[in-house]
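Here is a short briefing to read alongside the model. Have a look at the fold below, then go through the points by topic.

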Amino acid sequence: MSAREFRQSRLEYNLDNEIEDIHDLKLIQTNNILLVERIQDTSTYINSNIEVVKEWSAGEHAERIFKVVKAPKTVFFDPRYPNSNAYATDMEVKEGDTVFINLSESLNTFVYTFKGKTYHTIRYDSIVCAKRGDDIVPVNGYVLLTPIEKSRKVLEYEVKSVVPNEAKVAYIGSRNREYKRNYRGRSLKKVDSQRTIVDFSDKDLHVGDIVVLNSTLALTGAEQDAAIWPLEASAHRVLDKPYFVCQRPRIVFIR
Amino acid sequence: MRLLDDRVLVKPIIEEEVTKGGIIIPDSAKNHQVGKAEVIETGSGGKSFGMTVSNGDTILYNKHAGEPWDDNKLIRQSDIIFIL
């Protein structure tokens, strides 16, 4: 046993003597906690791009993709209680789904081992999207965005750069009925053909829309766990392209 | 004693682990964030939800949550991770 394995073994809770089968564990239905299996190995690079590593960061190599083993039937929402989900929404994750979670949860999950496999418990509101077959289903009201690149000529060279506060809607799921966090003052706007700004409901948001994000939350400056952040670290990306993630109230208007 | 809301009184179960070589690793030497306990008493539930755990259940809970109460611990149902 290596030193790393020994240290890990002291952190992980071994369930071998506690249960016969992993499905024997009973979840508290109102705690919004899911049992997931670790499927991502971030000790190896799976992206074919060669990157110059300037500094190592835990966030870049955190395991953020898991397989759902057990999930509660409903999502509990009551802001008076700490176990409340951050968003009033429905349970949209099924057993067997691959889920992508946010960074802070991935660094703070409880870890268990059972019959040689590693499991984690995660909160439902940490899940950004679920992958079911080839489908990507954003959950918790998240919107998946793809950055927009613009090219300009510098001398004889063509330089491409990401537009800082615009993006294209790639995937949208169902909207949240209510938010635990207050997003007041961030109303959604739409620019109509006469270039006047009109109110719109986020029901009007469609895949392919070009959206303008709050300029203080620009994509190029996005860091893990900021209000708009990359779904995956580039070194361990499994999806076809880089996606950014935000909640609907972060969108200022549709272009 | 009548517990209010979703509070749960639990008795932590402390188990020593013996390695293959015979070394005893006490619970205090482990960094587990998860503890095992037996439910002694439960409250009646929150305003919008009931209690899932009942007296006598063995549970896994967030070891850093709650406050000590004699040899027992007073936690909330939201600190419980699994019922075994």
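A:K115 sits in the loop between β7 (110-114) and β8 (117-123) of chain A, where helices (H or I, at least four residues) and strands (E, at least two) are DSSP runs numbered from the N terminus. This is a predicted model, in which local features need pLDDT of at least 70, side-chain atom pairs count only at pLDDT 80 or more, and totals for chains, interfaces and linings use all residues. Residues are numbered from 1 along each chain as its sequence is written, while chains are lettered from A and ligands numbered from 1 in the order in which they are written.

- A:K115 is not a glycine, yet its phi is positive, about 50°.
- Most residues other than glycine have a negative phi.
- A:K115 counts as exposed because it has 10 C-beta neighbours inside 10 Å (exposed: 12 or fewer other C-beta atoms within 10 Å; buried: 20 or more; partly exposed in between; C-beta atoms are placed from the backbone).
- A:N140, also not a glycine, has a positive phi of about 60°, and lies in the loop between β10 (135-138) and β11 (142-154) of chain A.
- A:N140 has 23 C-beta neighbours inside 10 Å, so it counts as buried.

**Strands and sheet**
- Chain A has two helices and 19 strands.
- Eight strands form an open sheet with mixed pairing, in the order β1-β7-β8-β3-β4-β6-β9-β10 of chain A (strands pair if DSSP finds at least two bridges between them).
- Its edge strands, β1 (13-14) and β10 of chain A, each pair on one side only.
- β4 (residues 65-70) and β6 (residues 98-101) of chain A run antiparallel, joined by three bridges.
- A:K67 stands opposite A:T98 in β6(A).

**Whole chain**
- Of the 255 residues in chain A, 29% are buried.
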